[in-house]
Amino acid sequence: MFEQRLYKHLDWSLLGAVLLLCAFGLVMIYSTTYDPIRGHVGREFYTQLSAVGIGLVALTVMLLIDYRTLSEYAPVFYGGVAVLLTYVLFFGVVAGGSRRWISLVVFNLQPSEFAKAALALLLATWFGQDKLSALRRGDLAVAGGVLLLPFLLVARQPDLGSAVTLLPVAGGIAYAAGLRLRLIGYALLVFVLLTPVAWVYGLKDYQRSRVVTFLDPSQDARGAGYQQIQARITVGSGGLTGKGFLNGTQGQYKFLPVAHNDFVYSVLAEEHGFIGVLATLGLYLFVLLRSLEAARLARDRIGAYLVVGLISCFAFQVIYNIAMSAGLAPVKGLTLPLMSYGGSSMIATLTSFGCILNVRMRRFAN
């Protein structure tokens with residue numbers, strides 16, 4: 001359980017940066033859901049506020065329990081998430097053509113958000129075993145099997161974007177455990193060779209449409225390309241200092257659809273300009289560097305691999321969402337962690353940072 005002396009080793013600066021990003025996210029969700037005619041904010045703001053509160057409770061719980069104790073129950077967490085993902089396929093709530101959520105009356109739970117942390121904990125425990133002194137092909141095969149189950153369950157919802165976020169978790173941990181760059185090169189080569197097959201047989205029509213409109217949004221400017229064009233206009237209209245809080249025309253007048261979710265970064269650029277964007281990117285960079293330092297200082301391999309897996313997924317989502325907002329990547333339902341609207345995403349992300357803070361805080365523990 002928690003020891004008083006551990007307070008001294010808590011990374012308060014990382015915790016402060018995470019809370020600042022949450023606060024920025026709440027401000028942007030307030031702005032994007034505010035109705036200037038009726039003069040009140042949308043219910044999404046209060047839902048997100050509740051999610052931040054629940055997420056902070058989850059973060060605190062993760063701090064109280066030694067991560068080595070959590071690792072002993074890694075198969076239980078992984079199995080529990082797999083059961084929930086299977087349940088979703090048969091009884092989940094359908095919205096927007098996907099079956100991704102479990103209705104809990106008060107709110108909907110999205111288990112795929114918690115699959116990242118469960119996968120990271122199990123793989124970190126597996127690769128961090130003392131008996132694994134060197135990475136072998138058999139170990140990689142086991143890790144591949146552990147990755148494949150949640151990947152397929154999430155992809156079947158269908159939610160290919162969330163499924164892809166599991167790859168950096170496994171890749172980051174395997175690399176930290178000693179995976180050779182040559183094998184990564186082979187994997188990339190296989191990926192490139194299989195791309196035509198995946199294009200024909202693996203992707204659905206709407207997914208192919210997203211890729212085509214990314215390359216040339218003007219082909220369907222009023223349909224599939226509309227969101228991408230509006231996102232570019234929104235980002236570019238902010239200038240150096242932005243138009244000011246609640247003064248963005250693209251966000252306030254709903255020219256940019258679901259701005260509070262996938263494109264909250266675009267609205268940030270419109271209202272707070274280049275300076276606001278730089279400040280936010282600086283915070284994300286600080287969070288990434290402090291987390292990597294936590295991995296470096298970890299007292300054992302399980303702690304180091306756990307942090308690497310969690311932060312690899314976090315970094316992937318941040319980079320992809322920002323690239324998507326700037327028109328540099330196809331539109332995909334990947335939220336900006338800690339800032340976009342999404343209760344399950346917020347709770348799962350704060351839970352992950354509870355684990356990261358846990359590893360650093362216990363680097364001197366017995």
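**View 1. Helix α9 (residues 181–202) gives the largest share of a nonpolar patch, six residues.** The patch on the surface is formed by V190, L194, V197, W199, V200, Y201 and V212, and together they have about 690 Å² of accessible area. V212 lies in helix α10 (residues 205–215), and V212 counts as partly exposed because its relative accessibility is 33%. Partly exposed lies between buried, under 20% relative accessible area, and exposed, over 50% (1.4 Å probe, protein chains only). A patch takes residues with over 30% relative accessible area and no salt bridge, joining nonpolar side chains (Val, Leu, Ile, Met, Phe, Trp, Tyr) within 5 Å and like charges within 9 Å. A salt bridge is a side-chain nitrogen of Lys or Arg within 4 Å of a carboxyl oxygen of Asp or Glu. Areas follow the Shrake-Rupley method with a 1.4 Å probe. Helices are DSSP runs (H or I, at least four residues), numbered from the N terminus.

The model is predicted, with local features needing pLDDT of at least 70 and side-chain atom pairs pLDDT 80 or more, while totals for chains, interfaces and linings use all residues. Residues are numbered from 1 along each chain as its sequence is written, and side-chain values use heavy atoms, without hydrogens and water.

**View 2. The peptide bond from Q157 to P158 is cis.** Its omega is near -5°, and P158 lies in the loop between α6 (137–155) and α7 (160–164). Most peptide bonds are trans.

**View 3. L246 and L338 are not glycine, yet L246 has a positive phi of about 70° and L338 one of about 75°.** L246, in the loop between α11 (226–236) and α12 (249–252), counts as partly exposed at 25% relative accessibility. L338, in the loop between α14 (301–325) and α15 (343–361), counts as buried at 2%.

Definitions and conventions
Helix = DSSP H or I, 4+ residues; strand = E, 2+ residues; numbered from the N terminus.
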